[in-house]
Amino acid sequence: MKSIPALFTSLTLTTLIVTPSFAQTLCESERIFEGGASSDAGVSYSQQVSSAATVFIGGQICPQQEHLGQLADLYVAFEIAGEIYFLNNSDQLIQLQEDNLSPYRQAVTLQNVLPQSIFSGVIGATIESANLYVGYTLDGVFHYDQQPLNFSVVTPAKLTALSVFPVKDTTTAAANGEIRISFDRALDPSQIDNEKIKVFGRWSGVLNGEVLLEDNNRSLRFLPSRNLSAGEWVNVSLAADNIVALDGGLLQDGYNWSFWVESVSAGLSFEQISAVSVREQGSTEQIQTYGAYAGDLNQDGWSDFVVPNEISNDLRIFLNDGAGNYEDFSIVPIIQGDRPSPNEGADIDGDGDIDFIVGSANGSNVHVFKGDGAGGLTQTQNLVAGERVRGVCLADFENDGDPDIIATSFAANRVALFTNDGTGKFGLLPATIDAGDGEWSCASGDMNADGLMDVTIGTRTDNELTVLLSNGDGTFTESSRIAANGDPWMLAAGDINRDGNVDIAAANANAKSLTVAMGSGTGELSSPVSYSLAENDEGFPLAVDLGDLDGDGDLDIVTSDFRTKLFLIHENQGDGSLVRLPNQLFALEAASCAILHDRDNDGDLDITGIDEVVDQLLLFRH
């Protein structure tokens with residue numbers, strides 16, 4: 001292949017009989033063409049531009065004074081990797097197939113300064129070196145700069161997520177709304193399918209939908225196939241290296257974010273409509289029901305219950321009858337269970353239904369159950385985390401597209417991480433983390449807004465809150481450790497003061513208090529504000545739960561107290577400050593924990609309480 005100067009020397013124009021000669025003419029800038037490649041629309045030019053940015057290629061032609069006003073043929077040529085390309089009169093870049101310059105770009109009337117816009121858009125590929133020649137022919141003579149303008153196009157190491165919708169940690173996302181994530185450059189359409197975005201509602205489960213490209217292929221748009229449940233917490237995840245840019249760049253760290261679905265405006269008054277026994281019919285023996293999960297196990301659009309029982313060492317599954325009622329249950333024994341209680345649900349094996357994880361509070365195991373999509377659970381693994389598993393959190397901590405398990409071991413004084421192989425099978429040897437003295441409770445959330453799920457640990461020996469920031473590969477870096485102003489039995493994470501950052505609420509058992517520590521968005525926690533939960537100096541709060549109970553767009557808090565038998569409602573004033581409402585929700589013997597969920601599908605949050613002494617589910621309705 002000839003070089004461009006050699007080519008021009010030897011070519012004959014099809015419209016002329018003569019072989020053109022060459023004139024090396026100079027304008028004021030000593031070049032016939034001034035310009036090149038630019039990332040700021042031609043304000044400045046650079047020898048290196050990004051494949052992720054909008055690139056402008058152009059500049060201005062400076063004809064000789066004696067040529068002004070004459071009609072000339074303009075040509076634009078690129079020499080890339082030894083190949084020659086011309087821009088034709090339809091602005092198409094075509095590879096030279098023969099020694100023929102007929103596909104010149106256009107005929108122009110030469111002016112003193114002739115602006116030229118050659119290309120504007122995303123190149124989307126790496127080009128190690130491009131030589132740009134721009135010039136014109138007049139009376140069979142080519143006028144051009146023999147020294148070309150040179151530039152390269154480089155691919156950034158990472159594809160970067162720029163923005164998401166719904167906004168991270170918002171509390172007002174529409175139940176039927178679309179989900180979007182935008183990137184710094186165009187994606188490869190051939191690499192996009194409906195599995196690229198995974199959406200999980202804490203109560204409604206896996207959300208399927210259609211994934212589309214928009215905004216010149218820079219944005220993924222997810223159109224859901226059904227509604228989310230009112231008031232629920234939702235997580236969106238994109239696996240590492242699974243999103244591919246047109247230039248081959250990868251979303252190397254993956255991306256996760258969470259939000260809360262809006263609930264309709266409602267008051268803060270509740271009535272008890274039922275007390276559902278968790279015991280077998282006719283039994284008076286205590287089974288110590290403690291902890292519950294309200295996911296839609298049979299995928300009928302209604303909130304079911306999985307209830308761990310500490311004395312009987314089993315799970316009891318209640319399926320919603322389609323009207324917010326629960327009449328019967330099935331029993332699933334827990335092999336090697338020893339007072340199971342801390343629990344959470346997720347789709348651990350990617351089959352579209354809800355699975356279940358529960359830890360033994362008096363033993364060393366985390367028990368793994370897989371769902372069948374019809375309301376059943378089958379135990380598949382016991383994972384040894386260390387004695388007295390008091391906290392369980394599920395999130396994609398290594399960013400490979402499936403949930404992993406964080407479990408706290410109070411007696412072993414450590415945090416254990418079990419990673420998922422993508423099929424719902426977890427490694428038997430956990431990575432262990434030191435997060436203080438007496439690790440007890442945990443809550444997950446993106447504490448520094450980097451698209452990775454972090455975890456906060458509550459310790460009941462040194463009474464601290466420790467933030468562990470995810471490194472995106474299953475390892476963590478401690479970023480904050482503060483006094484908890486009590487002994488954090490349970491933690492909850494969410495944007496309580498509506499500043500866009502994740503905050504932490506803690507139920508402190510012996511301190512008889514609720515504390516709220518505001519997040520900075522950089523992984524730091526402020527000193528917590530404390531609210532007394534004592535009644536006549538009595539109290540032992542075991543649980544704290546978040547939800548927008550009144551539908552005003554902020555997260556309210558419900559605490560559950562074993563000794564005072566009270567489920568206390570704390571109304572958020574919009575700025576994260578809380579007002580405790582008059583006592584209204586009572587357990588017969590012990591208010592052990594609560595679930596805030598739309599049990600009857602009417603758009604507002606109901607409350608289900610657990611009494612672990614009489615083994616009852618207490619159904620409170622708005």
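The legends below describe close-up views of a predicted model. Local features need pLDDT of at least 70 and side-chain atom pairs count only at pLDDT 80 or more, while totals for chains, interfaces and linings use all residues. Residues are numbered from 1 along each chain as its sequence is written, and side-chain values use heavy atoms, with hydrogens and water left out.

**View 1. The open sheet β25-β26-β27-β28.** Its 4 strands stand in this order with antiparallel pairing; two strands pair if DSSP finds at least two bridges between them. Strands here are DSSP runs (E, at least two residues), numbered from the N terminus. Because β25 (340–346) and β28 (377–384) each have a single partner strand, they stand at the edges, and one side of each is left without a neighbour in the sheet. On average, neighbouring strands of this sheet are turned by 20° against each other, direction ignored; the axes are lines fitted to C-alpha atoms, and angles run from 0 to 180 degrees between N-to-C directions. Strands β26 (residues 355–360) and β27 (residues 365–371) run antiparallel and are joined by 4 bridges. V358 stands opposite H367 in β27.

**View 2. The open sheet β16-β15-β19-β20.** This sheet has 4 strands in the order given, again with antiparallel pairing. At the edges are β16 (205–207) and β20, each of which pairs on one side only. Neighbouring strands are turned by 25° against each other on average, direction ignored. Between β15 (residues 198–201) and β16 there are 3 bridges in the antiparallel sense, and F200 has V206 in β16 as its bridge partner.

**View 3. The disulfide of C393 and C442.** The sulfur atoms of C393 and C442 are 2.4 Å apart and form a disulfide, defined as a pair of cysteine sulfur atoms within 2.5 Å. By this rule the count comes to 1 disulfide. The angle about the S-S bond is 120°, and the link of C393 and C442 is right-handed. C393 lies in strand β29 (residues 389–395) and C442 in strand β33 (residues 439–445), so the pair ties together parts 49 residues apart in sequence. Both C393 and C442 are buried (under 20% relative accessible area, with exposed over 50% and partly exposed in between; 1.4 Å probe, protein chains only).

**View 4. C593 and its distance from C442.** The closest cysteine sulfur to that of C593 is in C442, 15 Å away, which is too far for a bond. C593 counts as buried because its relative accessibility is 8%.

**View 5. The largest cavity.** The structure holds 3 cavities of 30 Å³ or more, and the largest has a volume of about 80 Å³. On a 1 Å grid over the protein atoms alone, a cavity is a set of points where a 1.4 Å probe fits but cannot get out; lining residues have an atom within 4 Å of a point. A volume is the space filled by probe spheres set on the points, which are joined across faces, edges and corners. The largest cavity is lined by 13 residues, of which D169, W233, S258, G445 and V502 are the closest to its centre. Elements giving two or more residues to this lining are β20 (255–260), β33 and β37 (488–494), with the largest share, 3 residues, coming from β20.

**View 6. The second largest pocket.** The space in this pocket is about 510 Å³; a pocket is an open set of points with protein on both sides within 12 Å along at least five of seven lines. Its lining has 27 residues, and S204, R226, N227, L228 and S229 lie nearest its centre.
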